[in-house]
Amino acid sequence: MAALITISDIAQYVGQDVTLRGWIYNRTDKGRLQFLLLRDGSGVVQCVAFKKEMDEAQFDIARTLTQESAVIITGTVRTDERAPGVPGGFEVGVKDLQLVQMSGEFPITPKEHGIDFLMDHRHLWVRSNRQWAILRIRATIVHELRNWLDDHGYLLVDTPIITPAAGEETTTLFEIDYFGEPAFLAQTGQLYNEANMAAFGKVYCFGPTFRAEKSKTRRHLMEFWMLEPEMAFFSLEDLMDMEEELIGHVVKKVLEKHPAELAILERDLSRLEAITAPFARITYDEAVKHLQKLAAETDDPEQKELLQIEWGDDFGSPHETAIAEMFDKPVFVYHYPSAFKAFYMQPVEGRPEVCRSVDLLAPEGYGEITGGSERIYDTALIEERVGKIGIPREAYKWYLELRSYGSVPHAGFGLGLERTVAWICGLPHVRETIPYPRLLSRNYP
Ligand code: 4AD
Ligand code: MG
């Protein structure tokens, strides 16, 4: 009896008969020899159908198999250094082939397709090699982020998706009708995390978050996944220490677990191998000075224009890229102006125009992958800030109450999963980092 296995386990079965179930990724016709590239979701292997060694009717099926036809193949595993596939280097000599379904003409062929065409066929595009590699790395990133937190005393506490209040900018709210009352899709789980941190000490939430961002960039999605840790008695420095450990761990694990996927993506591994704690830390003031110096020194007028900045301006992506280029690891930028940061951020003592905020900028132009801060824990100040949001205080009553019962210094951050995946995989756009992206002009499929 042949063992029913997945391609990922094939190395353990050299010399034995196995049964594989999957889809034809590609077929090369050499007459009496048919090279069938079979994928089963766990990997890809070359199956060789040889006329002489097979039932005639089955061989006739083998030589007409179309891309994405579903089959069950039984055969003998042998090694062949030249055999393509993932893991690669293995071949299956076909003894038996059962057709499950002959596929219709698959729209996505190995030739080049335009991005709109691919996005319209995302439900089929996810079967391709490159998407396979990205989404597997994404799953590992989630797994390792959570693993690290679970192993370090952080408790997963889920936060709601339908909320009565805004957690971030009110301009990016998705409003829904909650039985006749307005409600919003969560922009963040943070406000609830702040309640949960007082119950459990160190918590995190991980889930989809929603922003009606009217910006069409390589970094923005309308629906993205965010990991948000929140810790009692944590300072900004504690936050940076923890973030660099967490991110260093995740990158190390991706390197360990996904050499094949990173090879498919042609990722420069040396860039990832450099990502170990500690990361550089610079203030917003220092970053602005650096940008002004770069703008002054450059001979390129276009670059000069892009790098233009005054103290008090938020960074655009050319600024973030230029700051990140100072280092080959991610860099923390902290103490941003309070004016353009969120309402809940603690002002710096003696210098209230800046706040105890920190963003982590990824290398290679990937921009902000995490944003966090110390939170205001003073009752009067948080009252005043909430009063300016423009949503009735009633919706924040519970949040304000937290400051009356054992209010303590605390801090947290949010990590944007898709930007992190884009950076680690080395992708030009976040649209490939999530199975079904929601973009400004797209919610299909
Ligand atoms: O900096 P943001 O807006 O921070 C918060 O929402 C905080 N409440 C988090 C917290 O402290 N608990 O978002 C955090 C991260 C950003 O650094 C970015 O990586 C990602 O979320 N992000 C987006 N990713 C994709 N598309 C968008 N539209 C995003 N907006 C933010
Ligand atoms: Mg931010």
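**Reading the pockets**

Analyst: By class, the lining of the largest pocket consists of 17 nonpolar, 14 polar and 16 charged residues, and please keep in mind that this is a predicted model.

User: What volume does the largest pocket have, and which residues are closest to its centre?

Analyst: The volume of the largest pocket is about 1400 Å³. Of the 47 residues lining the largest pocket, Glu168, Glu169, Arg211, Lys341 and Glu368 are the closest to its centre. Strand S19 (367–374) gives the most to this lining, with five residues.

User: Where does ligand 1 sit, and which residues come nearest?

Analyst: A ligand's place is read by comparing its atoms with the pocket's grid points, and here ligand 1 takes up the space of the largest pocket. Of the 22 residues around ligand 1, those that come nearest are Glu168, Gln190, Arg211, Glu228 and Glu368.

User: Which polar atoms lie 2.7 Å from a nitrogen atom of ligand 1?

Analyst: A polar contact is read from a pair of N or O atoms within 3.5 Å. In this model, a polar side-chain atom of Gln190 lies 2.7 Å from a nitrogen atom of ligand 1, and a polar side-chain atom of Glu228 also lies 2.7 Å from a nitrogen atom of the ligand. From the backbone, a polar atom of Leu221 is 2.9 Å from a nitrogen atom of ligand 1. Taken alone, ligand 1 exposes 630 Å², of which the protein buries 94%.

Conventions: Residues are numbered from 1 along each chain as its sequence is written. Chains are lettered from A and ligands numbered from 1 in the order in which they are written. This is a predicted model: local features need pLDDT of at least 70, side-chain atom pairs count only at pLDDT 80 or more; totals for chains, interfaces and linings use all residues. Side-chain values use heavy atoms; hydrogens and water are left out. A residue is near a molecule or strand if one of its heavy atoms lies within 4 Å of it. A polar contact is a pair of N or O atoms within 3.5 Å; within protein, one must be able to donate a hydrogen and the other to accept it, and residues adjacent in sequence count only if both atoms are side-chain atoms. Accessible areas come from the Shrake-Rupley method with a 1.4 Å probe; for residues, only the protein chains shown count as cover. On a 1 Å grid over the protein atoms alone, a cavity is a set of points where a 1.4 Å probe fits but cannot get out, and a pocket is an open set with protein on both sides within 12 Å along at least five of seven lines; lining residues have an atom within 4 Å of a point. A molecule sits in a cavity or pocket if more than half of its atoms lie within 2 Å of its grid points. Helices (H or I, at least four residues) and strands (E, at least two) are DSSP runs, numbered from the N terminus. Grid points are joined across faces, edges and corners, and a volume is the space filled by probe spheres set on the points. Ala, Val, Leu, Ile, Met, Phe, Trp, Tyr, Cys and Pro count as nonpolar, Asp, Glu, Lys and Arg as charged, and the others, Gly among them, as polar.
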